[in-house]
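Thanks, everyone. I'll take you through a few helix contacts and some loop residues, one at a time.

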Amino acid sequence: MSGKIKSLTLIFFSCFLLYGCSESSSTKIKENKTDPAVRDVFAMDTFMSLKAYGSDAEKAVDDAEKRIYELENELSATLEESDIWKLDNSDGKAVDVCDDTITLIKKAMEIGDKTGGALDITVYPVLREWGFTTGEYKIPEQGRIDELLANVDYRNITVKDNSVALPENAQIDLGALAKGYTGDEIMKIMESHGVTSAIVSLGGNVQSLGSKTDGSPWKVAVRDPFLEDKDMCVVDIINKAVITSGNYERFFYGEDGKKYWHIIDPSDGYPADNGIVSVTVIGDNGLECDALSTAFFVLGYDKTVEYLRSNPQYDVIMVTDDKKIYYTSGIGDSFQNISDMPAEVISVD
Ligand code: AMP
Ligand code: MG
């Protein structure tokens, strides 16, 4: 089992166990006429687990699984014939794409604008040069980074109705936000089947529908970025997405002994190193939380707090490279620190 798969498996089990444990089987029998429908899926390079309650929950998870594969086939940068693959091999020509792809590209451009370009889906060729798409890691030559950065600018993407055109040497990938959107789409399917209580974990990103069946909140563990396979805190959520970007997800050590990770700062083509090692965004909309988690990682602490001042609908948990946890007051009551790191409330007013 590769290191990455092993660590993903463990993240997945640690998340699942936490909310699994807090539900005793006697409670389940008393409060649920039916057991949950559960489903494990491997897609988008990620272990996913779905759990839903309700009389039609089995059908809901069936349909959700189909939708996950459909989205993967549309949005993957590496699967030939996906919309993104077609765009990345279009030599500057316009390509007709499906509604999901349009939604994601438009949202990526919007969040790119709102974060001063911290989120830039055209950073893909730089990410590839570092080897993050294949695992053949290397520190690229500065000249090569400069050459590739010349084509990084999401503002040059043209979207008209269902047609998208990239400049000739530009390529994109939606890895920063596709899983959040997938979670939202899963929840829509759950709702259409009358499910009112569900939780999904998409590689450590957790999204919930409603509360647990006894009305209490879901307990979601967030990984400690400094300790392999350990959680650092637990938050209680109802009907929310909890989406994390961390420097432990995909990384390598260079010959210089430094750690390099998969979130690239579009301003210099290097792994974003602005003092944050993990950022979790909690909110109603998984797509936005996912796009923002990646953008905040690039922005660093001060600019993230600035963003939250004008967008107070999100809560965040940030871990800085000097081993401190900061979290917003909106989750104050439900935040439980289970790490050795000090945790402090961020004041956004
Ligand atoms: P996440 O785990 O949601 O933070 O997404 C990380 C993924 O987003 C990476 O694996 C890349 O595919 C992509 N990515 C990395 N840096 C950026 C960036 N600055 N803007 C947009 N996408 C990025
Ligand atoms: Mg993200």
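Predicted model: local features only at pLDDT ≥ 70, side-chain atom pairs only at ≥ 80, totals over all residues.

Glu255 sits in the loop between β11, residues 251–253, and β12, residues 259–261. Buried or exposed, Glu255? Exposed, with a relative accessible area of 87%. Now take Glu255 together with Val206. In sequence they are 49 residues apart. In space, C-alpha to C-alpha, they are 35 Å apart.

Where is Asp91? In the loop between α4, residues 83–88, and β3, residues 95–96. Relative accessibility is 55% for Asp91, so Asp91 counts as exposed; the cut-off for that is over 50%.

Then Asn239. Here phi is near 60°, again positive in a residue other than glycine. Asn239 lies in the loop that links β9, residues 231–237, to β10, residues 241–246. With a relative accessible area of 40%, Asn239 is partly exposed.

One more loop residue, His193. His193 is in the loop between α8 and β6, where β6 covers 197–202. His193 is buried, at 17% relative accessible area. Buried here means under 20%. What does His193 touch? Leaving out residues up to four places away in sequence, His193 touches Asp56, Lys59, Ala60 and Asp63.

Helix α8 runs over residues 178–192 and packs with α9 at an angle of about 165°. The two axes are 7 Å apart. Over 145 degrees counts as roughly antiparallel, and α8 and α9 are therefore roughly antiparallel to each other. Their crossing is right-handed. Who makes the contact? On the α8 side, Ala178, Lys179, Gly180, Tyr181 and Asp184. On the α9 side, Gly286, Leu287 and Asp290. By class, that α8 with α9 contact divides into 3 nonpolar, 2 polar and 3 charged residues.

Helix α9 has another partner, α5. Helix α5 is residues 99–114, and helix α9 is residues 286–299. The axes of α5 and α9 come within 10 Å and cross at roughly 45°. So α5 and α9 are oblique to each other. This crossing, too, is right-handed. From α5 come Thr103, Leu104, Lys107 and Ile111. They meet Leu287, Glu288, Ala291, Leu292 and Ala295 of α9. The contact of α5 with α9 has 6 nonpolar, 1 polar and 2 charged residues. Note Leu287: it is listed in the contact with α5, and it is listed in the contact with α8.

Last stop, helix α7, residues 142–149. Which residues of α7 are buried? Ile145, Leu148 and Leu149. They cover an arc of only 100° around the axis, which puts them on the same side of α7. An α-helix has 3.6 residues a turn, so residues three or four places apart point the same way. And what do the buried residues of α7 pack against? Against α6, residues 124–129, and β14, residues 270–271.

That's my tour. Questions, please.

Terms used: Residues numbered from 1 in each chain as written. Chains lettered and ligands numbered in written order. Heavy atoms only, no water. Buried < 20%, exposed > 50% of the residue type's maximum accessible area, 1.4 Å probe, protein only. Helix = DSSP H or I, 4+ residues; strand = E, 2+ residues; numbered from the N terminus. Arc of directions from axis to C-beta. Contact = heavy atoms within 4.5 Å. Axes fitted to C-alpha atoms, helices over the stretch in contact; angles between N-to-C directions. Parallel < 35°, antiparallel > 145°, perpendicular 65-115°, else oblique. Left-handed = near helix turned anticlockwise from the far one by under 90°. Nonpolar A, V, L, I, M, F, W, Y, C, P; charged D, E, K, R; others polar.
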